[in-house]
Amino acid sequence: MLLGFVLVLSVFSVLEIRSATAMTKFHGFQQKQMLFLGLGIVAMFAISMVDYHRLLDIANWAYGFSVISLVAVLIPHIGQKVLGARRWINLGGGAHFQPSEWVKLVLILAMARYMWGKVAEGKELSWSDIGKASALVVVPVALVLKQPDLGTALTYLPVLIAGLFLGGMRWRQAAWVLLGLAMLGGLGLATGKHLKPYQQKRIDAFLNPDSDPKGSGYQIRQSLIAVGSGGIWGKGTNKGTQTQGDFLPIPYTDFIFAAFCEEHGFVGAVVVLLLYFLILVRLIQNAQTAADPPGTLIVMGVMAVTLFQIAINIGMCVGLMPVTGIPLPLMSYGGSSIIFTFLALGIVMNVRMRRFVN
Amino acid sequence: MDTGIGREEKLSAAKLHMTQYVVAAVMLVLGIGLWRLQVLGSDNYKVLAEQNRVRKVPVLAPRGKIFDREGRIIVDNYPSVSCYLLRDQQQKLEADLPLISGGLHIPVDQIEADLKRFQYAPKYQSIPLKQDITPDEQAFIEAHRNELPELETLDEQRRLYPRDGFAAHMIGYVGEISENDLNEEKYAAYSPGDVVGKSGVEEAYDSVLRGVDGSRDVIVNSHGKEVGTLGQEMATPGKDLRLTLDLDLQMAAEKALEGKIGAIVAMDPHTGEILAMVSRPTYDPNEFAVRLTKAYWKSINEDPNHPMMNKALQAQLAPGSTFKVIMTLAGLQENVAQDMHVVCNGGATFYGHFFGCDKHHGSVDIHNALPYSCDTFYYTLAAKLGIDKIAAYGHSVGMGMKTGIDLPDEQVGVMPSEPWKLKTLHDKWYAGDTISVGIGQGFDEATPIQLARALSGIASGGALVRPHVLLPGQISESQQTAIEQTYTGSGAARIPITTENWQTITDDMANVLSPIGTAAEAHLEGVDFAGKTGTADVISGRKKGTADKSTIPNAWFVGMTPRRNPDIVVAVLWEHGYWGNNSAKLAAQVINAYVTKQRSKAGNLMRYASAPKTDGVGQPVAKHEDAPVGLGGSAPATPTGQ
């Protein structure tokens, strides 16, 4: 059933990419997206064949390797610079991949493994445990921020939150952490030195989209116009003026939801939201029925990341969140993102298939 | 909170259950966000989306063409292509400049200057790069559509004026409306970028010539590139206009003034229709139609002889002896001149000052004073009349006021008088001032058009007309009224003149061209040619502040045919032309061209023959309704001789 919803969304994605790129030089991206989806499904089934306990066994090694690849990507000649950020490793033959996407998966496994140990000890999380778990996430976050890729770095945080939440963090500890973060954040905003100028602009634009309609507020304003002008029923496939007129920026990746909203309206958007809701609820059910704590932890890690990305991306399209380059799972164009999502779903399948084992 | 710690509690169903609510809450928030935009705000955003993609593009109305009185074309339009630079989304513009510069033959620094000039304009407003591009340049843009998507072409209609500044002052030129003009009330309906008449007929009749621009609603993408059309409102073309100008006469006048400085204006005194109007030096209005080169503007602007000035309406100079016709009118009407006899010994003394005359004319009376152009006679007459009467007669024939011709920037000239001097020079009038005025010197200033109208008005028995350049019946009454209110002047008027005095003055003017007259050399055999020369001293009459240092007198002549109720009057101003007689010869060329043309028409052979034999038979034709129409020869014109 989960797979069914996923496939429906994948079809929406392919159709919307087709529509959004029809008038551009990116025409035909939907075929590449179908290829990615095919690869993703194969990868999904492949990874579901290996018992997730084996995956947990190699999680530490994989984590170490991930950190190395994130360092490698920062080194000129190895890392490829696209639009000012080193995010890609060239694999030769025109193929390249974005290690930061895969790191997410490894992080989910590593966090599950760590918290499994804590759960097995049967004690509450000590401050030192919280510190270690945080370090596990903060290292890749710091490396990805260096690329710089704030969006992807942010997607690592829900792994930590889910891990701490399920691993037995006490409410009081959570409250202290939040307070500490709030103070740090306040300090950061006060000095204003921790955001790059483009990031500061994005936040300004988010707070006041009309302040600079031709400049930094452009993306968010065009997205709001696209979504809003879609109305209840939408303008129809290939008829979104914002999407087709190239007003909406990158309507096949980060703003694909805005493009979809313009062409299919409130009704279409609600259908998509409903599908995401069903997928997420289904993931939680899988977590509940998992055979052992690591299974639950893995599925909830996937759920947390997916929920986070949906909230940030759709929130951005409707003006509730600032612009961050976080793709919408299953819909945004992009091989690394699609294949990560399907691998993650493959591990979820893996856990589900082995729910009666023990 | 929870103290009992077991595996079951840590991964309790309650915690997992709770996350379901978190998911539901997130979805609800997103759903509300969508509802807000797509259901509540949808109308507003639909408007914004339309504004985004639909742009109103003007469809320029072709400007009305300009023809002469016989329907021969003077000003035409030609299709032209202009190149614009789109700046939307252009980051790499700097890198493209050398390529653009090479392909369009514009220096890089000029493009950079344009970019700088428009740097504060909205980015979606494209910059005019080059107007009237060549087919080669057009091909360059086509061939580089992909590399240089920022270049855009626009089809326009441009003005094609006669070459070498032919009739340039009368016709004027067009140009982009200036910011100063936009602030003026009469340009309230214009928007920036509009092409507007800047002088001459193009300015005066701009509202008729320009038509009404239409518009097209085009669909554009975010780069401003046009991708489709929604609808359009057709443009109403500007109205073609027929001027009173006669190209044949204009050509003769242009030729006469070739290489000289000055002006010629030819008018039909029955109707006020301007038949020819030339001002020299001239300028090429075609240079103004496309981007004006700095060098050309400099050459025009720094020329001490003011090529842009329409001297026929704007040169305010001492009229010299041409003013004596007005003096004669005043003297006769006041019954002062009839029995006046003056012995000219090369001048006379008035109020302790000696006023010279160029010759010793001996015994002079009203019949030979004008042909001789005897200054001594007119000094004496001026002294007898006094400035008040002279000024009154001057005003009655329109001296010191605009004629009201339907062209911009006409000047008023000066008819000196006591109140005028007090008001302008803050000085009282001295009796000696009157003496100079009597010969058209001193404070006296007139324009060629004023003199043409005044002297022909006297020759027409007192019927002064309002000169105009547009053939009647082409524009609506309200438009006509608007023109008359814009270009105010003394207009049509009657001046008192008895038949007897009328005959005396007109015969006197004819004798100017007789062997005893000052313009004997300009005599045209077999043509009833009358007029008055003027050799105006430039030292007293010249404007201050001009770069023109020449002290050679200005040569004036106002001539007409036939002598009574003339069909044509020609005023010639030749700056530094030495003698009025020189100008008379130029006028004779135009008169001759006119007579030759009229005689070539059937039934007109006798019309301009020499001196009328039946003096006193004719009545002054005061109203122009009675005047011969179209010079067809059928209308009974008075007087007719053979």
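The mean pLDDT of chain B in this predicted model is 84. Of the residues in chain B, 87% reach 70 or more. Over residues 613-618 of chain B, pLDDT stays under 50. The model has nine contacts beyond four places in sequence for residues 613-618 of chain B. Residues 620-642 of chain B also have a pLDDT below 50. Beyond near neighbours in sequence, residues 620-642 of chain B have 49 contacts in the model. Where pLDDT is low, the predicted coordinates should not be read in detail. For the complex, the predictor gives an ipTM of 0.90 and a pTM of 0.65.

**A covered strand in chain B**

Start with strand 11 of chain B, residues 262-268. Seven of its seven residues are buried. Both faces of strand 11 are covered. On one side sit B:Gly262, B:Ile264, B:Ala266 and B:Asp268. On the other sit B:Ala263, B:Val265 and B:Met267.

The table sets out both pairings.

| Partner of strand 11 in chain B | Residues | Bridges | Direction |
|---|---|---|---|
| Strand 21 | 568-574 | six | antiparallel |
| Strand 12 | 273-280 | seven | antiparallel |

Which residues face each other? In strand 21 of chain B, B:Val569 is the bridge partner of B:Met267. In strand 12 of chain B, B:Ala276 stands opposite B:Ala266. Strand 11 and strand 12 of chain B also form a hairpin, with four residues between them. In the turn, B:Gly272 has a positive phi of about 85°.

**The nonpolar cores**

The core draws at least three residues from each of domain 2 (56-242) and domain 3 (307-626) of chain B.

Take B:Val590 as an example. Leaving aside neighbours within four places in sequence, B:Val590 is in contact with B:Ile264, B:Ala266 and B:Ala276, among others. Its other contacts include B:Leu249, B:Ala252, B:Ala253, B:Ala256 and B:Val570.

**Where the chains meet**

The contact takes 35 residues from chain B and 42 residues from chain A. On the side of chain B that touches chain A, the elements giving two or more residues are helix 1 (7-10), helix 2 (13-40) and helix 3 (42-53). Helix 2 of chain B gives the most, with 16 residues. By class, this side of chain B has 16 nonpolar, 13 polar and six charged residues.

**Chain A and one proline**

Chain A has 14 helices and three strands. Of the 358 residues in chain A, 52% are buried. Count the contacts in chain A with a separation of 6 or more: residues 24 or more positions apart account for 69% of them.

A:Pro294 is found in helix 13 of chain A, residues 293-317. Is A:Pro294 buried or exposed? A:Pro294 is buried, because 23 other C-beta atoms lie within 10 Å. A:Pro294 and A:Val119 are 175 residues apart in sequence, yet 9.2 Å apart in space, C-alpha to C-alpha. Leaving aside neighbours within four places in sequence, A:Pro294 is in contact with A:Leu56, A:Ala112, A:Arg113 and A:Trp116.

Definitions and conventions. Residues are numbered from 1 along each chain as its sequence is written. Chains are lettered from A and ligands numbered from 1 in the order in which they are written. This is a predicted model: local features need pLDDT of at least 70, side-chain atom pairs count only at pLDDT 80 or more; totals for chains, interfaces and linings use all residues. A residue is buried if 20 or more other C-beta atoms lie within 10 Å of its own, exposed if 12 or fewer, and partly exposed in between; C-beta atoms are placed from the backbone. Two strands pair if DSSP finds at least two bridges between them. Two residues are in contact if their C-beta atoms, placed from the backbone, lie within 7 Å. Ala, Val, Leu, Ile, Met, Phe, Trp, Tyr, Cys and Pro count as nonpolar, Asp, Glu, Lys and Arg as charged, and the others, Gly among them, as polar. pLDDT is the predictor's confidence in each residue, from 0 to 100. Domain bounds come from an automatic or database domain assignment.
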